[in-house]
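Colleague: I would like to learn how to read aromatic pairs and helix packing in a model. Could we go through it step by step?

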Amino acid sequence: MSGTYDRGAVEDFGRWREFQPGMWAWIFHKFTGWVLVGYLFTHIAVLSTATASDPTVYTNTLQGLEELLIVRVLEVGLLSVAVFHILNGVRLLFVDLGFGLENQDKSFYASLVVTAAIVVASVPTFLAGV
């Protein structure tokens, strides 16, 4: 039980060039999942403090946040994270069911392209503050 296992050079940061599309899909899916969990907790914290005292505080808080450009930019980022996570999750569902096993790379690229198209199409709406 006291044997050692050689895991290779941990500090070899050049290994990312060897990643296949499936590995990138896994990394992006995990990253977007953690971002969504972090957003959920932040969202709950902001809303719980805004609704704690008075209903008008809630309205004023949301209106104040929507006026900030950085919040609108972050909403575009949230949209891109959520859309990719959803599309990649549907892709993984089909792969787990046995559909598209031979086209996993193409479906990953398709989910990236569709995410980019949805985000680019929605940027004017978000930045206009409508």
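Colleague: Is Trp-24 buried, exposed or partly exposed?

Modeller: This is a predicted model. Trp-24 has 27%, so Trp-24 is partly exposed. Phe-28, with 32%, is partly exposed as well.

Colleague: Where do Trp-24 and Phe-28 lie?

Modeller: Both are in helix 1, 4 residues apart, which is about one turn of the helix.

Colleague: What describes a pair of aromatic rings?

Modeller: The distance of the centres and the angle of the planes describe such a pair. The structure holds 6 aromatic pairs. For Trp-24 and Phe-28 the ring centres are 5.8 Å apart and the planes stand at 40°, so this pair is tilted.

Colleague: Which residues do ring pairs link into a cluster?

Modeller: The cluster consists of Trp-24, Phe-28, Phe-84, Phe-108 and Tyr-109. Take two of its members, Phe-84 and Phe-108. Phe-84 is buried, at a relative accessible area of 5%, and Phe-108 is buried too, at 3%. Their ring centres lie 6.3 Å apart with the planes at 80°; planes over 60 degrees apart count as edge-to-face, so that is the name for this pair. Phe-84 belongs to helix 3 and Phe-108 to helix 4 (residues 104-128), so the pair ties together parts 24 residues apart in sequence.

Colleague: What does Thr-115 touch, leaving out residues up to four places away in sequence?

Modeller: Thr-115 touches Ser-80, Val-83, Phe-84 and Leu-87. Thr-115 is found in helix 4 and counts as buried, at 8% relative accessibility.

Colleague: Now the helix packing. At what angle do helix 1 and helix 3 pack?

Modeller: Helix 1 (residues 21-50) and helix 3 (residues 69-96) pack at about 130°, and their axes are 9 Å apart. An angle over 145 degrees would count as roughly antiparallel and 65 to 115 as roughly perpendicular, so these two helices are oblique to each other. The crossing of helix 1 past helix 3 is left-handed.

Colleague: Which residues make the contact?

Modeller: From helix 1 they include Ala-25, Phe-28, Thr-32, Leu-36 and Tyr-39. From helix 3 they include Leu-78, Val-81, Phe-84, Asn-88 and Leu-92.

Terms used: Residues are numbered from 1 along each chain as its sequence is written. This is a predicted model: local features need pLDDT of at least 70, side-chain atom pairs count only at pLDDT 80 or more; totals for chains, interfaces and linings use all residues. Side-chain values use heavy atoms; hydrogens and water are left out. Axes are lines fitted to C-alpha atoms, for helices over the stretch in contact, and angles run from 0 to 180 degrees between N-to-C directions. Angles under 35 degrees count as roughly parallel, over 145 as roughly antiparallel, 65 to 115 as roughly perpendicular and the rest as oblique. A crossing is left-handed if the near helix is turned anticlockwise from the far one by less than a right angle, and right-handed if clockwise. Contact means heavy atoms within 4.5 Å. Rings of Phe, Tyr and Trp (its six-membered ring) pair if their centres lie within 6.5 Å; planes under 30 degrees apart count as stacked, over 60 as edge-to-face and the rest as tilted. Buried means under 20% relative accessible area, exposed over 50%, partly exposed in between (1.4 Å probe, protein chains only).
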